[in-house]
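Here is a protein model to look at together, one chain at a time. Keep the 3D view open and turn it as you read.

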Amino acid sequence: MTAPTFSAPSPTGVKAWLLSDVPHTALQARCQRAYLAWCAFRGNPIAMTGLIIIAALVLGAALAPWITSGDGIAQQLSDRLLPPSAEHWLGTDQLGRDIFDRIVWGSRITLYIVGLVGVIVVPVGLIIGIVSGYVGGFVDQALMRFTDIFLAFPRLILALAFVAALGPGIENAVLAIALTTWSPYARIARAEALTIRNSEFILAARTQGASSLRIIFGHVVPLCLSSVIVRLTLDMAGIILTAAGLGFLGLGAQPPSPEWGAMISTGRQFILDQWWVPTMPGLAILTVSLGFNLLGDGLRDVLDPKSGG
Amino acid sequence: MIEIEDLNVVFGRAERGVHAVRDLSLRVEEGESFGLVGESGSGKSTVLRAIAGLITDWNGRISVAGQPQGKRRDRHFRRQVQMVFQDPYGSLHPRHTIDRILKEPLKIHRMEASRERIVQALEEVGLDATFRFRFPHQISGGQRQRIAVARALIMEPSVLFLDEPTSALDVSIQAEILNLLARLRRERGLTYLLVSHDLAVVGHMCERLAVMRQGQVVEVLAVEQLRQSTPDHPYTRRLFQAAHGYDPAFVAQLADEALG
Amino acid sequence: MAEPLLRVEDLHITYHTPKGPVRAVRGVSFDLGREKLGIVGESGSGKSQTGRAILRLTDRRAEVRARMLRFADIDLLSADERTLRQVRGKRISMILQDPKFSLNPVMTVGRQIDEAFLVHETASRADARQRTLEMLRAVRIRDAERVYHAYPHELSGGMGQRVMIAMMMIPKPDIIIADEPTSALDVTISLQVLAILDDMVTRLGMGLIFISHDLSLVASFCDRVLIMYAGRIVETCRASELDKARHPYTQGLLSCLPSLDQKTDRLRTLVRDPSWAEPEGTGP
């Protein structure tokens, strides 16, 4: 191809290392790729908005002891149901606890739940899906029927059933959500593996004598990973809402834990006169779900070059 | 070196299946460059893949270097016989660096995967060490095909299967790759089995060729015989003439046959 | 010489990328009469872009400039979308490489060709069907009725391409632009397709622009040939005089082809001279 003619000022230092034409180590090559992906991501304002929201969430959770005035659990009955003010930014709830504090501490719980679910769901879905798609035949049929069983149940109902069987509590809620969430990922991974299986680079690997294991982990997984990650970020909203739903029903984190769903549940009786009590945690859920959705959209544009210009 | 007898490849169920290769028998001598020519649907690529063990729905007898082959291929075979594919982008993993792509066969066969070995492999195909950590999408089609050749030869095989190695490349790049392949064959005494729809490429690279049509071998002849335009079979003659460009008289002749 | 059908003067196509402008086509000029004109080049030469620019079908991100881009009495450069739509398909048609990508997979072939006819002419459906069947027979499809009711995926490559030709010819255009029309076909089939194209072009007195990377095919099929390199035309000559080509790139392209008739040990390779990418006589 003819080389394009362009001129740009030559950068120095780290940027030069990141933009240089000839990478000298595998690490440099990978960093360059990540940097280019970051530049593409940065150019998308919607994606950046999502990233900022999630970054704020993570930062808030990390810095909780320093940005809150208390632990959100100690009661202060003299201060019940105060509206938002300079002293209590989001008001206080029926037990006099600062709502802002509770939301910030509650974000740790939210992150814990989504993080744990993600860590369980992604590997399980990937492995089952890829093995199913790559190996094919009876293994494919068996694994997919197994997946179908989980796919057939409505998420919240199955979660309820699990929690009812295992007892309420945050870990059981996480397990229940994970069990109901992993099946679509297996389907996605399987669909990708089916396409990739016939690619020439897989054929090339087979002619070199690569074992199926090496092909699956070295060749197929890296390509399926991006669509699964994108799906996870887009699913986050659903996971958060399911967790909130369980919390609302009293089956997730138990009081006095500042879990956002539970906060809405206990606060809903005040919705008419002291609207801030259930509304603030509701807005928190909305914002974080939106943040994950926007982030997921942005990631998809960057990681899946087929969709979009 | 390669002996095939009564090879039959059927995809799908026997009755309604596609009989891609019928009763094919071939011999390729050691050190020879043998071409398989045919139009699309002739089964030429299928033959290659059956010998390479990439497809298993075949029956007949396949023997490579005196060893009869079954459905699977062992490690020894994989070191001896390597393949270069048609699509230069498709045959390299998009997320692997060139270094990793070249190291993989060495790692699979537990051979030493040193920096020197990789750089030497790159230099053999006319590239240099700066390519080591690039990704496939950062290099041109011709360069990618050179990497594919380097990868195939890094284990020092004795037989190379070439499945339309230059069909996706520009004509000027094709010339470079064909020269490279010819030089490597001379230097290493390799046996080539080249599949192509382009008669001129096969005529240039090979000593003998087999013409295939709809899964069967129509004729096996020496390139010299083709050149003096004395092939026996009318189909071969037709392919030969078609390769010379547009000729209204010749095409009028073709048109009389079933167009469908 | 008769008034040319198409006049292109100093065509430039530039893509503005984050890394800077990419000049895909740089100052291309040519005329097209009622003849078969071949545009030959390797990938990146700008030949496909040139073809699309004539129909103003280049990518939205590309900037198209020219001193003149005139078809008959219409100035294509300044024409509005409405005029262009009347030109496209009806007076200038385009045939692309792979019929599988150009034909609608969920519509029968007959219906698609009917539509191509009805877009440009008011007629009844029955008339359109008649015309379509005639056209299918004209491209030597024997079982026109069966093909009329078939779907694109049921056709072979050669048949699909003939259907494309039928579809593009039905409004009787003045110019056909064929962008690698036979690259995806077997050689014997592609020669037959070319014969059909040749026949129609000659009979109807059309102009044909044949864009391809295959120099020998273009040389044997077309009347005149333009060779493009790096967005410029480096050589123009009659197809029969190609062996007397003067530009080193053309000579290089011709000599690096493997020959069926002569044995060579080593193919001549092209050594690209950077001056080929420069205009004759420097200047901005």
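## Chain A: helix after helix

Follow chain A along its sequence and you get the pattern α-α-α-α-α-α-α-α-α-α-α-α. That's 12 helices and zero strands. Bear in mind that this is a predicted model.

Taken along the principal axes, the C-alpha atoms of chain A fill a box of roughly 75 × 60 × 30 Å. The chain has 309 residues, and 46% of them count as buried. Now think about contacts between residues with a separation of 6 or more: in chain A, 69% of these link residues 24 or more positions apart.

## Two helices that cross in chain A

Zoom in on helix α2 (residues 26–42) and helix α3 (residues 45–62) of chain A. They pack at an angle of about 100°, and their axes are 7 Å apart. Angles of 65 to 115 degrees count as roughly perpendicular, so α2(A) is roughly perpendicular to α3(A).

Which residues of α2(A) and α3(A) meet? From α2(A) come Trp38(A), Phe41(A) and Arg42(A), and from α3(A) come Ala47(A), Met48(A) and Leu51(A). Sort the residues of this contact by type and you find five nonpolar, no polar and one charged.

## The sheet in chain B

Chain B gives you strands to look at. Six of them make an open sheet with mixed pairing, in the order β6-β7-β8-β3-β9-β10. At the edges stand β6 (81–84) and β10 (216–222) of chain B; each has a single partner strand, so one side of each has no neighbour in the sheet. On average, and ignoring direction, neighbouring strands here are turned by 20° against each other.

For one pair in detail, take strand β3 (residues 33–38) and strand β8 (residues 191–196) of chain B, which run parallel and are joined by five bridges. Gly35(B) has Leu194(B) in β8(B) as its bridge partner. Helices pack on this sheet too. Helix α1 (residues 44–52) of chain B lies across β3, β6, β7 (159–163), β8 and β9 (208–213), and runs at about 145° to β7(B). Helix α5 (residues 141–153) of chain B touches β6 and β7, with a direction at about 175° to that of β6(B).

## The sheet in chain C

Chain C has an open sheet of six strands with mixed pairing, and its order is β7-β8-β9-β3-β10-β11. The edge strands are β7 (92–95) and β11 (232–238) of chain C, each pairing on one side only. Neighbouring strands in this sheet are turned by 15° against each other on average, direction ignored.

Strand β10 (residues 224–229) of chain C runs antiparallel to β11(C), and six bridges join the two. Look for Ile227(C), which stands opposite Glu235(C) in β11(C). Helix α1 (residues 47–54) of chain C lies across β3 (36–40), β7, β8 (175–179), β9 (207–212) and β10, running at about 150° to β9(C). Helix α10 (residues 248–255) of chain C also packs on the sheet; it touches β10 and β11, and its direction makes about 100° with that of β10(C).

Now try strand β5 (residues 68–71) of chain C.

Strand β1 (residues 6–17) of chain C pairs with β5(C) in the antiparallel sense over four bridges. Leu6(C) has Phe71(C) as its bridge partner in β5(C). Strand β6 (residues 74–75) of chain C also runs antiparallel to β5(C), with two bridges between them, and Arg70(C) stands opposite Asp75(C) in β6(C). β5(C) and β6(C) form a hairpin with two residues between them, and Ala72(C) in the turn has a positive phi of about 50°.

Last stop: helix α4 (residues 109–120) of chain C. At 1.5 Å a residue, its 12 residues should span 16 Å, and the end C-alpha atoms are 18 Å apart, which agrees.

Its buried residues include Val109(C), Ile113(C), Ala116(C) and Phe117(C). What covers the buried residues of α4(C)? The cover includes α2 (81–87), α5 (125–138), α6 (144–148) and α7 (157–169) of chain C.

Note on methods:
Residues numbered from 1 in each chain as written. Chains lettered and ligands numbered in written order. Predicted model: local features only at pLDDT ≥ 70, side-chain atom pairs only at ≥ 80, totals over all residues. Heavy atoms only, no water. Pairing = 2+ DSSP bridges. Axes fitted to C-alpha atoms, helices over the stretch in contact; angles between N-to-C directions. Parallel < 35°, antiparallel > 145°, perpendicular 65-115°, else oblique. Contact = heavy atoms within 4.5 Å. Nonpolar A, V, L, I, M, F, W, Y, C, P; charged D, E, K, R; others polar. Expected span 1.5 Å × (residues − 1). Buried < 20%, exposed > 50% of the residue type's maximum accessible area, 1.4 Å probe, protein only.
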